[in-house]
Amino acid sequence: MDHPSAEPMIKRGAFARLSSRLRSKSNETSAFAGSQVYSPTTGEEDVLGDKLDSDSKSDNVSLDKYYVPIDSFEGRHRYDPKATWTFEEEKSLIRKLDIRVCAYCCFMFFALQIDRSNISQALSDNFLDDLGLNTNDYNTGQTIFFVSFLAAELPSQLISKKIGPDNWIPIQMISWSIIACCQAKLTGRATFFLTRSLLGIMEGGFIPDVILYLSYFYKSKELPIRLSFFWGAYGFTFIISAFLAFGILHLRGREGLTGWQWLFALEGGLTALIGIFSW
């Protein structure tokens with residue numbers, strides 16, 4: 001998965017707000033540096049600059065020891081309370097993050113929804129009749145999928161925290177895309193239930209993993225609008241996938257495959273490519 005360059009990354013992350021607090025406190029005290037005030041006891045003017053500078057430095061050090069992350073924290077190497085930047089630099093960096101990080105996260109969510117919902121489009125191509133299934137079997141398979149999806153949420157997030165979402169998310173995508181492609185070779189009820197379960201396990205936790213990944217780049221005030229873009233991709237997927245399904249299902253009979261087999265194979269392959277490029 002692409003990362004912005006090291007220099008801008010140092011300026012962002014979980015500790016940007018801490019850096020701002022430290023700098024603002026330092027600026028408030030250093031604003032008096034070099035100023036002269038009248039001493040009522042001595043009747044003379046005193047220079048406060050040196051004393052306030054030393055106090056500011058000691059305050060920064062004393063605050064830093066309370067906020068510095070533990071060594072095992074994945075963003076520890078990015079922590080730098082002395083980092084500074086201008087408003088223009090921050091706006092430029094946010095625009096780059098929107099293109100290189102947020103937009104691709106929306107694209108990955110688009111891929112998730114394709115493989116998660118194309119089963120409903122396969123129904124319009126004699127999917128159940130070809131496999132000898134009925135609507136009860138279909139509903140059972142969907143129940144297995146969602147139970148597996150929910151059961152995988154917590155383990156997936158623990159793995160993401162352990163190895164990093166930038167490593168785990170591509171693994172998830174490539175894994176579920178392989179399973180999605182394998183659905184083109186379904187032979188009956190057992191294989192249908194098995195693939196629905198495996199698909200739910202690999203897709204579970206993807207959404208919170210991506211949100212965790214976004215939180216590494218955006219501050220709390222910046223994240224909500226990016227999450228709205230992220231969820232906007234959800235509705236956009238239904239529009240695009242419907243057009244894709246219309247064309248793909250018309251391949252029924254080519255190379256001896258049914259339309260739903262082409263659907264699972266091609267859309268699973270598309271997701272695999274997105275997963276590879278996200279590494």
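Analyst: F230 is buried, with a relative accessible area of 0%. This is a predicted model.

User: What makes F230 count as buried?

Analyst: Buried means under 20% relative accessible area. F230 has 0%, so the term applies. The residue sits in helix α11, which covers residues 223-249.

User: Which residues is F230 in contact with, leaving aside its neighbours within four places in sequence?

Analyst: They are C105, C106, F109, I207 and V210. Contact here means heavy atoms within 4.5 Å. F230 and C102 are also worth a look: they are 128 residues apart in sequence, but their C-alpha atoms are 7.6 Å apart in space.

User: How do you know that C106 is in no disulfide?

Analyst: The structure holds zero disulfides. For C106, the nearest cysteine sulfur is that of C102, 4.4 Å away.

User: What about C181, and which cysteine sulfur is nearest to it?

Analyst: That of C182, at 7.0 Å. The cut-off is 2.5 Å, so C181 is in no disulfide.

User: Are C106 and C181 buried or partly exposed?

Analyst: C106 has a relative accessible area of 12%, under the 20% limit, so it is buried. C181 has 27%, which lies between 20% and 50%, so it is partly exposed.

User: Why are the buried residues of α7 said to line one face of the helix?

Analyst: Start with the residues. In α7 (residues 153-163) the buried ones are E153, S156 and S160. Seen down the helix axis, they fall within an arc of 70°, so they line one face. The face turned away from them carries the exposed residues L154, L158 and K162.

User: What do the buried residues of α7 pack against?

Analyst: They pack against α6 (135-151), α8 (165-182) and α10 (206-215). After α7 comes G164, with a positive phi near 95°.

User: What makes the phi of N126 worth a remark?

Analyst: Most residues other than glycine have a negative phi. N126 is not a glycine, yet its phi is positive, near 60°. It lies in the loop between α4 and α5 (127-131).

User: Where is E255, and what is its phi?

Analyst: E255 is in the loop between α11 and α12 (259-277). Its phi is positive, about 55°, although E255 is not a glycine.

User: Why is E255 called exposed?

Analyst: Exposed means over 50% relative accessible area. E255 has 70%, so it is exposed.

User: How do you know that the span of α4 is close to the expected one?

Analyst: Helix α4 (residues 87-122) has 36 residues. At 1.5 Å a residue, 52 Å is expected from first C-alpha to last. The helix reaches 51 Å, which is close. There is still a kink of about 40° in α4, centred on D98.

User: How many helices and strands does the protein have, and what share of its residues is buried?

Analyst: Twelve helices and two strands. Buried residues make up 43% of the 279.

How values were computed:
Residues numbered from 1 in each chain as written. Predicted model: local features only at pLDDT ≥ 70, side-chain atom pairs only at ≥ 80, totals over all residues. Heavy atoms only, no water. Helix = DSSP H or I, 4+ residues; strand = E, 2+ residues; numbered from the N terminus. Expected span 1.5 Å × (residues − 1). Bend = angle between axes of the 7 residues up to and from the residue. Buried < 20%, exposed > 50% of the residue type's maximum accessible area, 1.4 Å probe, protein only. Arc of directions from axis to C-beta.
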